[in-house]
Amino acid sequence: MDGKQIFVQSLFECLDGNLEEEQLYRLIEKPKQAKMGDLAFPCFELARIFRKNPQEIAMQLAAEINSIYFEHVEAVGAYVNVFLNKALFTENILQQICKEKTSFGYSNLGKERAITIDLSSPNIAKPFSMGHLRSTVIGNAIANIAEKVGYKTIRINHLGDWGTQFGKLMVAYQKWGNEAQVRANPIKELLQLYIRFHEEAEVDPTLNDLGRQWFKRLEDGDTQAEQLWEWFREESLKDFSRIYELLGISFDSYNGEAFYNDKMVRVVHELQQKSLLTESEGAKVVTLEEENLPPCLIQKRDGTTLYATRDLAAAIYRYENYHFAESLYVVGNEQTLHFTQLSYVLQKMGYSWAENMKHISFGMMLKEGKKMSTRKGKVVLLEEVLQEAIQLASTNITEKNPLLVNKEKVARQVGVGAVIFHDLKNDRRNDVDFSLEDMLRFEGETGPYIQYTHARLHSLLKKGGYHETDNVSVVDINKAWLIIRRLMAFQDTVMRAYNEYDPSKIAKYLIELAREFNKYYANVRILGDEENKQARLQLVYSVKTVLKEGLRLLGIQAPDAM
Ligand code: ARG
């Protein structure tokens with residue numbers, strides 16, 4: 001039962017087809033103040049069609065519309081304002097949630113079509129950066145949301161596991177490395193070796209040649225080089241997996257750059273055949289002059305391929321393997337040029353599906369206004385940041401609820417949830433200021449606030465002896481109305497979050513829902529009056545269900561107590 005759809009229908013019947021249903025749907029607004037009703041229709045467009053003043057039209061429409069679904073219809077200025085039949089809509093939505101439970105909000109927009117999502121994609125032997133964290137968290141939320149609107153998702157971790165830096169690392173490891181140390185602390189050790197290589201190469205430039213030689217050996221399939229590379233990759237992945245486990249995220253594929261090594265000949269050959277390659281100082285490029293962009297580098301003078309070549313091969317591979325309806329790349333906005341070039345080159349190759357590739361870009365993570373850097377030793381290791389968040393959450397919990405069982409597990413859910421929510425609550429394109437104290441507060445726009453509200457609701461249900469039923473009754477019609485309206489908006493919010501690839505729509509929705517509920521809770525004694533207790537608990541159950549499901553979409557867990 002959709003109030004907006006019903007309003008469209010009523011207007012349509014009054015207007016003898018002078019406006020299409022879709023037009024009506026688009027024009028309907030939500031009044032800023034609740035006292036102006038639940039929906040409003042502005043009559044300016046009709047005023048133009050009928051050459052009449054809009055106030056007059058609004059008055060006529062208001063008088064004419066008559067439906068059991070509306071409590072009241074009134075004209076205010078040029079608007080027709082509608083007040084929904086609260087009892088009817090309340091009963092309907094609570095019934096729906098109690099019946100559908102966690103599938104509430106699902107829609108089949110995607111019709112089971114496939115979406116590939118390129119996310120996280122850190123570089124082997126380098127620290128997992130704040131940018132990779134953002135990509136992981138945003139990408140995972142978008143994937144969850146895509147599933148909620150009926151798509152099949154393929155989460156791909158396009159590891160940066162190839163490139164000249166591996167030659168350097170091999171040289172450094174053989175000169176100064178220690179196996180046990182790398183095993184104990186892979187990323188930290190490998191990074192130190194890499195840094196040392198650069199320092200020493202400044203004094204002794206022949207090291208660079210040696211590095212190049214080793215990378216060449218790797219590309220030529222030399223066993224010793226390959227074994228080292230594989231080991232670096234494996235050890236790095238062990239470090240990364242711990243982060244993924246903390247975040248509760250898994251992937252369908254770890255095919256990184258190296259996976260495309262044997263798929264690049266075809267790409268270069270195809271570009272040649274389609275006459276798209278130009279020689280430039282010995283290198284091969286695709287020019288993008290008409291597009292007003294710098295050329296896309298395909299092959300270096302020494303015959304080696306580049307990041308872009310690998311991404312061309314990957315895009316084609318993904319299309320041929322997954323037949324995607326959409327292919328998303330969740331990567332920071334500093335790579336916008338790369339993805340624009342990629343898409344143009346594929347279009348020039350005649351791949352019309354390139355239109356369905358989308359770069360989902362995002363801003364930087366800042367600390368006190370500055371980029372959180374991973375360069376030159378002053379590394380902010382992400383795992384340490386997450387552990388710090390968990391530690392702080394644990395302190396907060398001990399203070400608030402010293403007797404809590406499972407404290408460690410809950411601290412993990414709250415600490416990690418706080419970091420994720422903080423990342424997702426604003427438009428992804430903005431930079432985010434990283435402040436652990438802010439994100440861990442139990443009040444305000446934080447993950448812990450939503451989790452805490454959820455836990456309160458859980459305990460209310462338990463205390464009140466709620467038993468699940470979809471046979472609902474309605475109480476507190478006026479006091480609960482804003483909550484009901486919010487619940488009715490859930491599905492639409494999920495769809496909009498998908499259409500704009502914007503998880504912050506859901507984060508904001510959850511904040512509003514939790515606030516509205518807490519206001520209601522402050523005014524109503526939910527367990528106080530026996531007669532209405534079960535009916536009120538149905539509302540509690542519905543809000544709890546939606547909070548939990550919304551958090552799940554963001555990739556955040558909702559503990560039952562905290
Ligand atoms: N490894 C790259 C980096 O850390 C990100 C890769 C993104 N995905 C892609 N298909 N290019 O910057």
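Predicted model: local features only at pLDDT ≥ 70, side-chain atom pairs only at ≥ 80, totals over all residues.
View 1. Strand β4 covers residues 114-118, and strand β9 covers residues 326-330. The two run parallel and are joined by four bridges.

**View 2. An open sheet holds four strands.** The order is β5-β4-β9-β10, with parallel pairing. β5 (152-156) and β10 (357-360) stand at the edges. Each has a single partner strand, so one side of each lacks a neighbour in the sheet. On average, neighbouring strands of this sheet are turned by 20° against each other, direction ignored.

**View 3. Helix α6 packs on the sheet.** The helix spans residues 130-148. It touches β4, β5, β9 and β10. The direction of α6 makes about 165° with that of β5.

**View 4. Strand β1 is covered on both faces.** The strand comprises residues 39-42. L39 and F41 lie on one side, A40 and P42 on the other. All of these residues are buried. β1 runs antiparallel to strand β3 (residues 79-84), and four bridges join the two. P42 stands opposite Y79 in β3.

**View 5. D38 and R485 form a salt bridge.** Their side chains meet at 2.9 Å, N to O. D38 sits in the loop between α2 (21-27) and β1, while R485 belongs to helix α19 (residues 481-488), so the pair ties together parts that are 447 residues apart in sequence. D38 and R485 are both buried.

**View 6. R515 pairs with E445 in a salt bridge.** The closest N and O atoms are 3.6 Å apart. R515 lies in helix α21 (residues 504-523) and E445 in the loop between α17 (436-439) and α18 (447-463), so the contact ties together parts 70 residues apart in sequence.

**View 7. D502 and K505 meet in a salt bridge.** The N to O distance between their side chains is 3.1 Å. Both residues are buried.

**View 8. Four residues join into one salt-bridge network.** The members are E179, R183, E235 and K238. Their salt bridges share partners. A search of the whole structure finds 37 salt bridges.

How values were computed:
Residues numbered from 1 in each chain as written. Heavy atoms only, no water. Buried < 20%, exposed > 50% of the residue type's maximum accessible area, 1.4 Å probe, protein only. Pairing = 2+ DSSP bridges. Axes fitted to C-alpha atoms, helices over the stretch in contact; angles between N-to-C directions. Contact = heavy atoms within 4.5 Å.
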